[in-house]
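Please consider the structure shown below. The paragraphs that follow lead through it, beginning with a single residue and widening from there.

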Amino acid sequence: MAVTSVSETVSRPTLRGRFFKRWLPIGLGLVALVIGLAVGAALFFDREYQGRVLPGVSVAGIDASGLTEAQLRERIAALNLLPTSVVIEIDGRTAKATAAQLGGHLDIDAAVAAALSAGRVSGPLADVPERFTIWRGGRSIPLAATLDRTAIWSWVTAEAAKLR
């Protein structure tokens, strides 16, 4: 029977121990490098698009990617989406009203604000998943047209008085 000493068993490094001792610091360094690059890219992207609409966002069919607030307002205003006049026929009589008489206007402010805030909720790092979703699938912001109820009521009463 051969007797082995305790010192021989402890002093002999195993293959597994040598592997971890050599490659673990390299692996951890690579993981830290990848995380650092991802954080840096997210911060750089946020800085590049500061004050501009993120890629993949559209407003009323307009590709708003990379546009500033002023540029987006200009493009929406150029659409001229409101009708110039409205014609109402009742019992053979017609009444005509312009969009201005009915208090009609496009809610450009809300659409521009929604486009600029798309993908910007929690901060540059927390918004990365949302920004990828917008980039891949797009985000369409609706443009609402509104009428002023008071202006409509005034116009209807004035027209009713004329018809009587």
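Tyr49 counts as buried, because its relative accessibility is 18%; buried means under 20% relative accessible area, exposed over 50%, and partly exposed in between (1.4 Å probe, protein chains only). The model is a predicted one, in which local features need pLDDT of at least 70, side-chain atom pairs count only at pLDDT 80 or more, and totals for chains, interfaces and linings use all residues. Residues are numbered from 1 along each chain as its sequence is written, and side-chain values use heavy atoms, with hydrogens and water left out.

A search of the whole structure finds 2 aromatic pairs. Rings of Phe, Tyr and Trp (its six-membered ring) pair if their centres lie within 6.5 Å; planes under 30 degrees apart count as stacked, over 60 as edge-to-face and the rest as tilted. The pair of Phe45 and Tyr49 is tilted, because the planes stand at 45°, with the ring centres 4.9 Å apart. Phe45 itself is partly exposed, with a relative accessible area of 29%. Phe132 and Trp135 form an edge-to-face pair, with 6.2 Å from centre to centre and 70° between the planes. Both Phe132 and Trp135 belong to helix 5, 3 residues apart, which is about one turn of the helix. Phe132 is partly exposed at 49% relative accessibility, whereas Trp135 is exposed at 56%.

Phe45, Phe132 and Trp135 are also among the residues that line the largest pocket. A pocket is defined on a 1 Å grid over the protein atoms alone, as an open set of points where a 1.4 Å probe fits, with protein on both sides within 12 Å along at least five of seven lines; lining residues have an atom within 4 Å of a point. About 240 Å³ of space lies in this pocket, the volume being the space filled by probe spheres set on the points, which are joined across faces, edges and corners. Helix 2 (15-48) and helix 5 (128-137) each supply at least two lining residues, and helix 5 gives the largest share, 5 residues.

The protein chain as a whole has 6 helices and 7 strands; helices (H or I, at least four residues) and strands (E, at least two) are DSSP runs, numbered from the N terminus. In the loop between strand 1 (57-59) and strand 2 (62-63) is Ala60, a residue other than glycine whose phi has a positive value, near 50°. Ala60 is partly exposed, at 35% relative accessibility. Of the 164 residues in the protein chain, 22% are buried.
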